[in-house]
Amino acid sequence: MEDPVAPGAGSPPANGNGNGNGGGKGKQAPPKGREVFRSQRRESEGSVDCPTLEFEYGDADGHAAELSELYSYTENLEFTTNRRCFEEDFKTQVQGKEWLELEEDAQKAYVMGLLDRLEVVSRERRLKVARAVLYLAQGTFGECDSEVDVLHWSRYNCFLLYQMGTFSAFLELLHMEIDNSQACSSAVRKPAISIADSTELRVLLSVLYLLVENIRLERETDSCGWRTARETFRTELSFSMHNEEPFALLLFSMVTKFCSGLAPHFPIKKVLLLLWKVVMFTLGGFEHLQALKVQKRAELGLPPLAEDSIQVVKSMRAASPPSYTLDLGESQLAPPPSKLRGRRGSRRQLLTKQDSLDIYNERDLFKTEEPATEEEEESAGDGERTLDGELDLLEQDPLVPPPLSQATLSAERVAFPKGLPWAPKVRQKDIEHFLELSRNKFIGFTLGQDTDTLVGLPRPIHESVKTLKQHKYVSIADVQIKNEEELEKCPMSLGEEVVPETPCEILYQGMLYSLPQYMIALLKILLAAAPTSKAKTDSINILADVLPEEMPVTVLQSMKLGIDVNRHKEIIVKSISALLLLLLKHFKLNHIYQEAGDNNQFCWRNLFSCINLLRLLNKLTKWKHSRTMMLVVFKSAPILKRALKVKQAMLQLYVLKLLKIQTKYLGRQWRKSNMKTMSAIYQKVRHRMNDDWAYGNDIDARPWDFQAEECTLRANIEAFNSRRYDRPQDSEFSPVDNCLQSVLGQRLDLPEDFHCSYEIWLEREVFSQPICWEELLQNH
C-alpha cells in the first residue's frame with residue numbers, strides 16, 4: 001500500500017524514489033554469478049542471505065515521500081473536502097477560470113482575499129477558508145495530470161502563499177488553537193480520542209509543514225525571488241520576531257503539553273514532523289553541519305579534517321552478517337569441535353566459507369598471507385574452530401566459483417585489505433599515557449603532561465612518540481573544554497565571553513531551562529512508538545491523529561487501519577530520531593557542554609531511523625565509560641550483533657563502533673568466539689593508535705566510580721550554563737568602585753520635588769541626629 005500525496009495524482013513511492021534532495025535510492029543490487037551457489041547453500045542450510053541494501057543516507061527521504069508521510073490513510077477523505085472548500089470559494093471570486101489559468105497578479109489578489117476571510121469569528125467558516133488554503137499548498141491536484149505537476153504546483157503555490165503573509169496568519173491561528181482550553185478539556189474528558197478531535201490543528205499544521213518543506217527544498221532553477229524568500233523565511237523561523245519565541249520552541253511546548261496529558265488531542269505526528277523540518281531548515285542539515293565544523297576548526301586554528309565521515313561510509317561495502325548459528329543463540333549452539341573437524345572437507349562447508357569471504361568486491365585490494373601450518377592451526381585453540389564461518393574475514397567476488405582446492409585454501413588463510421578507510425586518530429591524553437608508562441619503565445619517574453622531553457628514553461620510544469604526534473587529533477570539544485576551564489579559573493582577568501547570536505545559540509538559550517522536560521517528552525513518545533512484544537498499558541496515546549471516528553467493521557478496513565497505525569509509528573520514530581541527532585550534533589558543535597510499498601527490499605524511513613538511533617547511542621557513549629558499561633550490563637552485544645544481518649555499510653559501521661567500545665569489558669572468551677566480528681571492527685572502524693580495544697588491557701577498562709564520572713560531567717555542564725546564562729545583578733564577581741570621588745561624583749535620579757525639600761531632609765536626618773564617634777571607632 002502506497003503513501004498518499006493527493007487524490008488524482010500518481011502515488012509516490014513510500015520509501016523515496018521521488019524527486020528532491022533526500023537520500024533514498026531504492027535499487028537492488030544486480031544478481032551475480034555466486035548467487036547460484038548461495039541459493040544452493042540456502043536450500044541446504046535453511047539460512048537467509050540478506051541482499052546488500054543500496055540505501056543512501058541523507059538529511060531526509062525524497063521530496064514526494066516526505067510530503068506523503070504528513071498524511072495518514074485515515075485522512076484520505078479530507079483531500080476531497082479541501083478541494084470542495086476551495087472550489088466553492090474560488091467560484092464566488094473568479095468566474096470562468098481555473099487556478100492554473102490565472103495570471104500571477106490575479107492569484108495574489110485571490111490569496112489576499114482568502115487571508116482576509118480567515119479573520120472571521122465563525123469557527124466553521126474559518127476552517128473552510130483554511131482548507132482552501134491547504135488545497136493550494138497541496139498543489140491544486142484536481143487541475144493536474146501527473147504527480148510531477150502536483151509537486152511543481154505545490155511548491156509554486158507555497159512560495160506564493162508565504163510571500164502574501166500566510167505563515168504569519170496561520171501562526172496566529174495556531175496560537176489560538178493551542179490556547180483553546182475548551183477543546184483541551186473536552187479531549188481530556190473523552191474516553192476515546194479520534195481524528196475528529198484535531199481537525200483544526202491538523203489543517204493548520206499541514207499548511208505550515210507544506211510551507212516549510214517546499215520552501216526548504218533548494219533547486220538550481222529557483223529564481224532570485226524564491227532564494228530571497230527562502231532566506232527571509234529561515235530568518236523568521238530562527239530568530240524571535242515581534243518579541244515572540246522562535247517557532248521551534250512553540251512546537252516543543254506542544255510536545256510537552258501533549259505528553260503531560262493536558263492536550264491529548266494534539267496531532268503529535270504532524271507536530272514532530274514540522275519540528276524536525278524547522279530545526280533542519282534553521283540550523284542546517286548534515287552537509288551544512290560539516291561545513292560549520294570545517295569553519296569552526298579554521299577559526300580555532302585547528303588543522304582541517306582528514307575526511308567527511310558520511311562520505312567515507314558511502315564508499316564502503318557492507319560486511320556479510322554473522323553466521324546463522326551464532327545469531328540464534330551465540331556460541332552455545334555451535335556444534336562440538338569433533339563434529340566440526342569431521343566435516344571440514346565437505347563441499348557445503350567449503351561453499352559456506354567461500355561465501356562468507358565477501359566483504360569487499362575488488363580482488364586487487366587485498367594482500368593475502370601464506371596459509372597457516374597444521375601446528376599453528378591446532379595451537380589456535382578449539383574455541384575458534386567451534387565457530388562456523390567465524391574465521392572468514394573478507395568477501396571475495398569471483399565471477400565463477402573457485403576450484404575446490406582454492407576454496408579450501410581461502411577458508412583457512414587470513415587476508416587483509418591494503419588500506420583501511422579511516423585515518424587513525426590519537427588524543428593528547430593517549431600520548432601522555434604512553435609517555436607515562438615509558439618513563440616509569442625506563443627512567444623511574446614521570447613528567448606529568450610534558451610530551452616534549454624525551455631524555456633518557458630509547459630511540460624506538462622517540463619514533464613512537466613522533467608517529468603518535470603525526471596522527472594527533474584535537475577536536476573542537478577539546479578546545480572548548482580547555483577554554484571553559486580557564487574561564488572558570490580566571491573570570492575577572494579573562495572578562496566576559498562574547499557569544500555570537502547564531503540560530504543554534506538562540507534555540508539553546510530558549511530551550512535551556514526546559515531542556516529536561518523536552519527530552520523526557522520526546523523519549524516518552526519514542527518509547528510509545530517503539531515496537532515491543534509486551535503490552536504498553538502505561539504509555540501515552542500517540543494514535544489520536546490516526547484513529548477514525550468509527551472503528552472498522554470489515555476485515556479489509558481492519559487491515560488498512562493496522563497498516564496505517566504501523567506506518568504512523570514508524571514516521572514518529574523517524575522524526576524523533578532525526579530531530580534528536582540534529583540537536584545533539586548542532587549543540588555539541590556550538591559548545592561541547594550543550595547535550596537530540598514498492599520493489600525495495602527495505603523501508604527508507606525505518607532504516608533511516610535505525611541509523612539515527614545508533615548514531616545517537618554512539619554520541620551519548622563516546623568516551624563515557626560509565627555509559628558504555630550500561631551497554632554491557634544490559635547485554636546489548638547480542639542485539640547489536642543481530643543488527644549486522646542488515647547489509648548496509650553505514651548501519652553496520654555504527655553497530656561495530658558500539659561493539660568496539662564494549663569489547664574490553666566482554667571478556668576474552670567473547671572475543672575469541674566472535675573473531676569475524678572483531679575482524680569487521682578492525683576493517684571498518686577508525687583506529688586510535690594505542691587503543692588496546694581488542695585485548696582489554698587499557699587502563700580505562702579498570703574499575704572506577706561510575707557515579708563520580710557522571711556527577712563530574714553534570715557539574716561541568718551546570719557550571720557552564722550558570723556562567724554563560726545565569727547573570728545575576730549582584731554577582732560576587734561584579735567589580736566594586738572604591739574611589740570616593742568617583743562614588744560622590746555619580747549622578748543619581750532623584751524625585752522632582754527633592755530640591756524643594758532637601759534642606760528639611762538634611763536637618764531631620766543628618767544635623768539633628770547625634771553621632772557617638774567613640775562607639776563608632778570601637779566597633780570598627
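Visitor: Are Arg-230 and Asp-222 buried or exposed?

Guide: Buried, both of them. Buried means under 20% relative accessible area, exposed over 50%, and partly exposed in between, with a 1.4 Å probe and protein chains only. Before we go on, this is a predicted model, where local features need pLDDT of at least 70, side-chain atom pairs count only at pLDDT 80 or more, and totals for chains, interfaces and linings use all residues. Residues are numbered from 1 along each chain as its sequence is written, and side-chain values use heavy atoms, with hydrogens and water left out.

Visitor: What does Arg-230 form with Asp-222?

Guide: A salt bridge, which here is a side-chain nitrogen of Lys or Arg within 4 Å of a carboxyl oxygen of Asp or Glu. For Arg-230 and Asp-222, the closest N and O atoms are 2.6 Å apart.

Visitor: How many salt bridges does that rule give?

Guide: The count comes to 21. One of them pairs Glu-177 with Arg-123, with 3.0 Å between the closest N and O atoms. That pair links distant parts of the chain, since Glu-177 sits in helix H7 and Arg-123 in helix H5 (residues 123-137), 54 residues apart. Glu-177 counts as buried because its relative accessibility is 9%, while Arg-123, at 32%, counts as partly exposed.

Visitor: How do I read those helix labels?

Guide: Helices (H or I, at least four residues) and strands (E, at least two) are DSSP runs, numbered from the N terminus. This protein has 38 helices and four strands.

Visitor: Which residues of H10 are buried?

Guide: Start with the general idea: an α-helix has 3.6 residues a turn, so residues three or four places apart point the same way. In H10, the buried ones are Trp-226, Ala-229, Arg-230, Phe-233, Leu-237 and Ser-238. Seen down the axis of H10, they fall within an arc of 165° (taken from the directions from the helix axis to the C-beta atoms), so they line one face of the helix. On the other side of H10, Cys-224 and Thr-228 are exposed.

Visitor: What do the buried residues of H10 pack against?

Guide: Several helices, including H6 (147-163), H9 (199-216) and H25 (503-511). Contact means heavy atoms within 4.5 Å.

Visitor: What span should helix H10 have?

Guide: The expected span is 1.5 Å times one less than the number of residues. H10 (residues 224-238) has 15 residues and should therefore span 21 Å; its end C-alpha atoms are 21 Å apart, which agrees.

Visitor: Which residue does Glu-231 form a salt bridge with?

Guide: Arg-234, with the closest N and O atoms 3.0 Å apart. Both lie in helix H10, three residues apart, about one turn of the helix. Glu-231 counts as partly exposed because its relative accessibility is 41%. Elsewhere, salt bridges that share partners join Glu-66, Glu-69, Glu-213, Arg-216, Lys-277 and Lys-574 into one network.

Visitor: How many residues does the protein have, and what share count as buried?

Guide: There are 780 residues, and 46% of them count as buried.
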